[in-house]
Amino acid sequence: MKPMFESLILELTNACNFRCPFCPSESITRPKGFMSMDVFRRIVREGVEGGFFDTIQLGLMGEPFMHKGLFEMAAHASEAGLTVRCFTNGSLLSAKNIDRWAESRIDELYISYRGIDPEAFSSLSSMNHEAYVAGIRELLTRAASCPERKVILKCFKPSLVDSLVQTGAMAKDMKAAQSADYVNRLLESIGLEARVKHSAAAFHDTVRLSPSLSVRLESIARWNDIPDTSKGGRFHHGLVGACDGMRGHIGVLWNGDVTTCCKDYDGRNVMGNVCAQPLGDILSGPEATRFRKLMRWCVLPTPYCRVCRGGETLKDSLVNQLGSIAYFRTPFFGWKGR
């Protein structure tokens, strides 16, 4: 039977050792913490028994490799029959962690490559840039001997969407325009001759380099923060829009709070907590039912959703609202028929 959702996006921790300009981690008002093994086991058990998902993605906010129980949790989820994906910024890929990954039950490891150049990297982390690149290079090299483990190297690229929704400055900060060149240099250093190219018109470009290694160039995702009224400008909240939340996926925060989507970084769309009630009751409860009903008609159901699909200018807001409907509800772009 097909699961209710394609995946569960689970936050092992909301702590992170990077300061990426596109990420609202500095705006989080909820406490920092780490998910307990008991809560994790409960989520896996109820998710599998209820047929809610067959894939678990480790990483909503925070850096999963900062959680000491990462590999134990991945093994538990895999033993329960789930496909395990893990997202990392790649900063903690020490020799020991690479060995543990090679022997782990993590089916797919997504590395968000932020080492474009030393100058850009210094604004993200105090970590030594050469050590960061060396760790990623070592893991990519090891991937060739682990064909059962998929590695996806993710990088930003400039796109038409960035120019329409004013993420151009962000792209410049991240050196996105040079991402393909830098990734090619990294790949060449481990003996891979494939050339990665990008298309400004497409949202994502994926190049498969080997059975175990792919490179994914993607547009900088819009991740709206709470509107900054101190600048005196007016924020244009969205009224309509669409997303994959409560359709393709749900999110669970480190403390067990169940939320609607992967972008609810501060828990503003929380529908319940798995420590207080069963996951199935939360997903069939009044808040979840109301959310699904309104989103079915592309009506934004919560204040946070209206911020997420809003913008600092009217044009920005309209592009964000109508563009999301085109992307998620029409037979083009990334529409999956859910």
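Predicted model: local features only at pLDDT ≥ 70, side-chain atom pairs only at ≥ 80, totals over all residues.
Begin by displaying the strands. They include an open sheet of 10 strands with mixed pairing, in the order β6-β7-β5-β4-β3-β2-β1-β8-β9-β10. At its edges are β6 (204–210) and β10 (272–273), each of which pairs on one side only. Strands of a sheet pair through backbone hydrogen bonds, either parallel or antiparallel.

**From β1 to β2**

Select strand β1, residues 7–10, together with β2. The two run parallel and are joined by 3 bridges.

**From β2 to β3**

Which residue of β3 is the bridge partner of Thr55? Selecting both strands shows that the partner is Thr83. Now follow the chain from β2 to β3: the path leads through helix α2 (residues 70–79), and this β-α-β crossover is right-handed. Helix α2 lies across β2 and β3, and runs at about 155° to β3.

**From β3 to β4**

Move on to strand β4, residues 108–112, which runs parallel to β3 and is joined to it by 4 bridges. Here Thr88 stands opposite Ile111 in β4. Between the two strands in the chain, select helix α3 (residues 95–102); β3, α3 and β4 make a right-handed β-α-β unit.

**Salt bridges**

Side chains of opposite charge can pair when their charged atoms come close. The structure holds 4 salt bridges, and three stops follow.

Glu108 belongs to strand β4 and Arg85 to strand β3, and the pair links parts of the chain 23 residues apart. Is Glu108 buried or exposed? With a relative accessible area of 17%, Glu108 is buried, because buried means under 20%. Arg85, with 22%, is partly exposed.

Return to helix α3 and select Asp99, then Arg142. Their closest N and O atoms are 2.8 Å apart in a salt bridge. Asp99 lies in helix α3 and Arg142 in helix α5 (residues 129–143), so the pair ties together parts 43 residues apart in sequence. Asp99 counts as partly exposed at 36% relative accessibility, and Arg142 is partly exposed as well, with a relative accessible area of 23%.

Arg268 is partly exposed, with a relative accessible area of 44%, whereas Asp266 counts as buried at 7% relative accessibility.

Most residues other than glycine have a negative phi, and most peptide bonds are trans. The last two selections have a positive phi.

Go to the loop between β7 (213–219) and β8 (249–252), where Met246 lies. Its phi is near 65°, a positive value in a residue other than glycine. Met246 is buried, with a relative accessible area of 4%.

Finish in the loop between α10 (286–296) and α11 (303–308), where Cys298 is found. What is the phi of Cys298? The value for Cys298 is near 60°, which is positive, in a residue other than glycine. At 12% relative accessibility, Cys298 counts as buried.

Key: Residues numbered from 1 in each chain as written. Heavy atoms only, no water. Pairing = 2+ DSSP bridges. Right-handed = clockwise from strand over helix to strand, strands pointing away. Salt bridge = Lys/Arg side-chain N within 4 Å of Asp/Glu carboxyl O. Buried < 20%, exposed > 50% of the residue type's maximum accessible area, 1.4 Å probe, protein only. Contact = heavy atoms within 4.5 Å. Axes fitted to C-alpha atoms, helices over the stretch in contact; angles between N-to-C directions.
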